[in-house]
Amino acid sequence: MTARADRTAMHWGGATDVGRVRTSNQDQFLARPDLDLWAVADGMGGHSGGEVASQIACDTLGRAYADQTVDGLIEAVEQANSAVYRAGHDNPDLTGMGTTVVALAAVRHEGDDVLAIANVGDSRCYRYADGELDQVTTDHSLVADLVRDGSLSPEEAAVHPQRNIVTRVLGVYDSVPVDVFAVDPRDGDRYVLCSDGLFNEVPEPAIAAVLRRERDPDAAARHLVHLAVEGGGRDNVTVVVVDVVDDGGRASTASAALARDGGAGGPGGPRPSPAYAEDDADRWRSRRRRRGDTAEIDAVPGGSVLADPEVGDGEDEPEAGRPRRRRRFTWRVAMFTLLILVVIGGAVATIQWYGTSAYFVGFEGDRVAIFKGRPGGLLWIEPELVDVTDLERERVPESRRQDIDQAIEQTSLSDARRYVANVTEQADELHPLSTTTSTVATTTTSSAPPATTTTAAP
Ligand code: MN
């Protein structure tokens with residue numbers, strides 16, 4: 001695929017994949033070779049917010065980019081910001097949605113072709129030149145800030161659990177500062193626009209190796225996406241490769257200049273030309289500062305920052321504005337609480353069963369009685385009176401009376417009844433024809449008939 005500006009000509013290829021974990025692809029890329037414009041956007045936000053945000057950003061960028069200059073590119077990114085912002089405010093389901101954007105455009109600048117690269121968020125632009133891969137853009141992310149502070153090494157940042165948190169995003173505020181870099185197009189240089197799904201899965205040396213081997217930009221883009229998916233695919237991944245195939249004679253001029261300066265142009269020699277036109281980028285930044293729209297956005301209101309839903313867990317569309325780490329923590333707390341409740345519930349059930357499963361024989365007033373439960377009760381479980389027998393305390397043999405006073409545990413109700421029957425038998429043997437008991441017997445006859453009836457009934 002070829003695009004041609006006045007002099008600079010470019011080939012390009014692009015690919016995107018949902019990855020292995022997510023169920024929707026919130027990444028989007030824009031290719032407008034007719035405008036020499038390419039972009040990658042990585043959307044974020046609940047419901048379908050992420051997909052909508054990156055889609056609106058790419059559509060608006062392509063539509064609003066009329067003036068092929070650096071200012072024209074900045075203007076288009078700002079319009080994309082407004083469009084996402086308005087859509088988020090018009091639809092409650094999309095509130096808080098946002099997207100990163102990294103765009104590359106070949107523009108005319110003071111009579112020359114220049115590559116302008118605009119960036120908001122943590123999608124990246126790399127340049128592959130002379131066998132080396134350089135990151136052109138600066139990530140607007142928490143870990144990038146920490147690396148700049150020196151409180152995190154790049155190696156630590158690459159595996160940091162909060163590496164998904166971006167500190168600047170398109171569509172959350174009515175205006176957003178846009179970073180712009182200007183680079184001289186040079187024959188043979190390759191540019192990679194990508195979402196974090198690439199560089200979080202594929203180490204930079206591996207990215208460079210693919211760019212070295214795969215000459216076709218489309219094959220290179222597809223190969224890189226494939227590597228990211230194979231590497232885990234924990235996020236959506238999008239790659240656009242743009243090759244400078246004709247710089248209008250700029251490279252040979254640069255080589256000639258270097259040769260004059262005494263630098264060797266061959267392999268192993270010093271690298272020609274600085275990575276990017278730093279003064280130009282500085283000038284554009286100061287221009288924006290004069291326009292008063294460079295207020296740094298470090299966080300969204302409420303003190304939390306937008307999180308690109310992280311990799312590797314079942315939830316596909318977390319709310320924007322809340323770091324994923326905290327959500328995972330909440331899940332753990334919930335699971336732990338549930339476990340504790342299950343353990344406590346089990347313990348209560350066990351005590352309840354133990355406390356009520358047994359029987360014992362004791363005295364209720366001056367009568368022998370059968371109770372359900374444990375003698376003296378167990379925690380909150382009081383023994384339950386099951387049956388008061390006719391056997392009176394004074395008829396119970398002395399030896400048994402002490403036992404019953406201390407309560408005789410029985411494993412079942414029938415065991416308890418058998419015990420009472422034995423004691424009653426002993427009592428009858430001890431006091432068979434006592435006159436004193438005859439009066440007792442008379443008193444007991446009042447309760448005897450019902451007992452007789454019940455036994456006679458069957
Ligand atoms: Mn992403």
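**Salt bridges and their surroundings**

Modeller: At 40% relative accessibility, Asp-428 counts as partly exposed. The model is a predicted one, and Asp-428 forms a salt bridge with Arg-395, with 2.5 Å between the closest N and O atoms. This pair links distant parts of the chain, 33 residues apart: Asp-428 belongs to helix H12 (residues 413-430), while Arg-395 sits in the loop between E15 and helix H11 (398-405). Arg-395 is buried, at 18% relative accessibility.

In total the structure holds 20 salt bridges. Another of them joins Arg-374 to Glu-409, where the closest N and O atoms are 2.9 Å apart. Arg-374 is in the loop between strand E14 (367-372) and strand E15 (384-392) and Glu-409 is in strand E16 (residues 408-410), so this bridge ties together parts 35 residues apart in sequence. Arg-374 has a relative accessible area of 14% and is buried, whereas Glu-409, with 43%, is partly exposed.

The side chains of Arg-168 and Asp-179 also meet in a salt bridge, at 3.3 Å from N to O. Here the parts tied together are 11 residues apart in sequence, because Arg-168 lies in the loop between helix H4 (154-159) and strand E10 (179-183), and Asp-179 in strand E10. Arg-168 is buried at 5% relative accessibility, and Asp-179 is buried with a relative accessible area of 9%.

Finally, there is a network of salt bridges that links Arg-127, Asp-130, Arg-186 and Asp-189.

Notes
Residues are numbered from 1 along each chain as its sequence is written. This is a predicted model: local features need pLDDT of at least 70, side-chain atom pairs count only at pLDDT 80 or more; totals for chains, interfaces and linings use all residues. Side-chain values use heavy atoms; hydrogens and water are left out. A salt bridge is a side-chain nitrogen of Lys or Arg within 4 Å of a carboxyl oxygen of Asp or Glu. Helices (H or I, at least four residues) and strands (E, at least two) are DSSP runs, numbered from the N terminus. Buried means under 20% relative accessible area, exposed over 50%, partly exposed in between (1.4 Å probe, protein chains only).
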